[in-house]
Amino acid sequence: MINEARKYQAFYTKSTPIVDYMVSKLSLQASDKIFEPCGGDGVFIEAILRENEFAHINVCELNPMSVGILNDKFSDCPNVTIRECDTLLDDELKFNSCFGGTYDKIIANPPYGAWQDYDKRAVLKKMYPELYAKESYGLFLYRCIELLKEDGVLSFIIPDTFLNLHMHKALRNHILTTTQIVELALFSSSFFPGVNFGYANLSIITLRKKNVYKECSQNTFSVINGFSEVEQLNNIDDSNLKKYSFKQEDVLNNPDHAFLISENSNVLKLINQSKFKVGDIADCVTGFYSGNDKRFLQVISPDLKNGKNYDLVNIESINSDYKNNPEILNGIENEQYFLPIVKGGNIKYIKSENWFMDWSKKAVQYYKTDKKARFQNPKYYFRFGIGVPMISSSNITASLIENKLFDQSIVGVFPQDESLTYYLLAFFNSPTCNKLIRTINPSANNPANYIKKIPIIIPEKSVLELITKKTKKIVDEMKTSGSYNANEELMVWEVIKQIYKV
Ligand SMILES: C[S@@+](CC[C@H](N)C(=O)[O-])C[C@H]1O[C@@H](n2cnc3c(N)ncnc32)[C@H](O)[C@@H]1O
């Protein structure tokens with residue numbers, strides 16, 4: 001059984017500045033026919049009625065308990081109709097979507113990632129074949145765009161992941177080609193009472209339905225961010241806010257129609273026009289998972305983070321000779337069958353050897369056959385490359401994988417020309433690279449597919465050699481003393497900045 005909150009994603013918009021901003025974006029007219037597709041306990045309805053007590057509002061809500069509350073609240077408003085139904089599947093709404101829409105205004109805080117049982121997911125997949133059926137908010141947005149009349153306006157508060165993630169490419173295309181974006185406000189999810197999801201921020205998107213493609217592609221819209229407090233939503237002219245202007249045609253032409261939002265025009269230029277991306281010069285792959293780390297993974301010291309949860313490795317059982325073993329992917333036969341593995345964690349340049357994986361023949365057989373295990377991309381195991389943690393709380397980081405195993409929390413980057421390894425290591429650890437990856441994907445995640453898209457410039461030989469030399473020195477210092485000269489790093493960053501102009 002799943003709990004009610006997870007099923008309905010009932011996070012209500014209990015924030016006056018957010019509600020006021022969204023309602024103001026609708027520019028309500030007396031004759032408007034308004035739709036609230038996921039009513040909750042009626043915050044938006046109350047706000048609209050405060051502006052116009054005779055507003056015509058149709059409300060849908062799936063949860064019978066919430067429908068009960070709504071019926072009680074609005075029983076004396078004959079202009080508010082409430083239906084218990086599923087907005088995504090309802091036949092009447094489906095019918096109206098097919099015939100050009102019926103609403104002048106739509107306002108919503110739809111469920112995010114609402115749990116859908118497998119049968120419903122299959123139906124949704126059929127109804128919205130191009131969309132990512134697991135993420136409910138995208139389906140609500142799509143459905144509601146279809147329900148708008150020509151020139152109808154919609155305001156939605158949703159996570160900002162639709163702006164960049166691959167899985168929302170089709171949704172972006174739909175927005176950019178069938179609507180004119182009016183405004184996009186981006187702010188921290190902590191502004192939303194009771195919600196603070198680490199994986200993304202929130203956005204309020206306001207858009208106008210337009211059936212003529214040209215009018216959509218030629219439209220210019222503004223993006224506002226830099227909010228330090230939620231009240232600034234009610235004072236968009238606040239000079240402390242950052243405002244950008246984009247033409248929809250340009251966003252459509254970005255790779256995967258991603259909304260690339262950066263103050264630095266060179267960042268956008270590089271992402272769009274650079275001759276090479278990391279994926280062109282290096283293989284980027286996800287690493288290994290044993291399927292049962294408690295059983296197979298061991299640690300050098302209990303004092304390491306999470307170290308207490310694992311058995312201590314016996315030094316005698318560590319194999320230091322494996323690099324010369326051509327059969328290593330089949331496991332080790334002798335008693336020294338523990339091998340070092342590089343795990344996640346944001347440490348730059350080089351990580352100490354702290355974790356060891358059981359690589360006996362028997363264990364490897366298990367990894368190759370167990371359902372939970374991921375014996376993926378094995379041809380990259382034990383090669384010389386770079387590991388970029390999949391999750392980086394602040395800045396992206398990278399450390400060497402010196403012919404070791406690397407786990408699935410890491411993307412292994414293996415340059416086709418191995419002599420570029422130290423240059424790439426320096427680049428991944430630089431603020432320049434961070435600006436690029438955070439524009440490509442502003443969330444804290446760096447899966448292989450986004451790392452592949454980072455623009456890369458190979459500098460002339462002397463510069464390449466300089467960066468390589470300095471980065472090798474940093475790595476050596478780390479190995480001998482555990483730290484390095486930060487000034488050297490700053491110099492490398494400065495050179496990289498000059499190469500990229502970012
Ligand atoms: C995030 S809450 C927002 C409620 C309200 N609009 C607000 O802003 O306070 C989402 C609401 O959508 C309802 N809901 C979830 N799935 C739905 C569906 N498929 N059709 C209609 N309503 C749904 C939930 O029960 C919940 O009340």
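Predicted model: local features only at pLDDT ≥ 70, side-chain atom pairs only at ≥ 80, totals over all residues.
1. The surroundings of the ligand. The ligand is surrounded by 24 residues, and the closest of these are Gln9, Thr13, Cys38, Glu61 and Asp86. Sorted by class, this shell comprises 13 nonpolar, seven polar and four charged residues.

2. Polar groups beside the ligand. Thr13, one of the closest residues, places a polar side-chain atom 2.4 Å from an oxygen atom of the ligand. Glu36 has an N or O atom in its side chain 3.0 Å from a nitrogen atom of the ligand. In the case of Leu62, a backbone N or O atom lies 3.2 Å from a nitrogen atom of the ligand. As for cover, the ligand taken alone exposes 590 Å², and the protein buries 98% of that area.

3. The largest pocket. The volume of the largest pocket is about 680 Å³. Its lining consists of 29 residues, and those nearest the centre of the pocket are Asn225, Ile261, Arg438, Thr439 and Pro442. Two or more lining residues come from each of strand 6 (179-187), strand 9 (242-247) and helix 16 (431-440). Helix 16 makes the greatest contribution to the lining, giving four residues.

4. Composition and domains of the pocket lining. By class, the lining of the largest pocket divides into eleven nonpolar, 13 polar and five charged residues. Domain 1 (4-260) and domain 2 (280-500) each supply at least three residues to this lining.

5. A point for the reader to check. Which element gives the most residues to the lining of the largest pocket? That element is helix 16, with four residues.

Notes. Residues numbered from 1 in each chain as written. Heavy atoms only, no water. Near = heavy atom within 4 Å. Polar contact = N/O pair within 3.5 Å; in protein donor to acceptor, adjacent residues only side chain to side chain. Areas by Shrake-Rupley, 256 points an atom, 1.4 Å probe, with all protein chains shown as cover. Nonpolar A, V, L, I, M, F, W, Y, C, P; charged D, E, K, R; others polar. 1 Å grid on protein atoms, 1.4 Å probe; cavity = no way out; pocket = protein on both sides within 12 Å on 5 of 7 lines; lining within 4 Å. Points joined across faces, edges and corners; volume = space filled by probe spheres on them. Domains from an automatic or database assignment.
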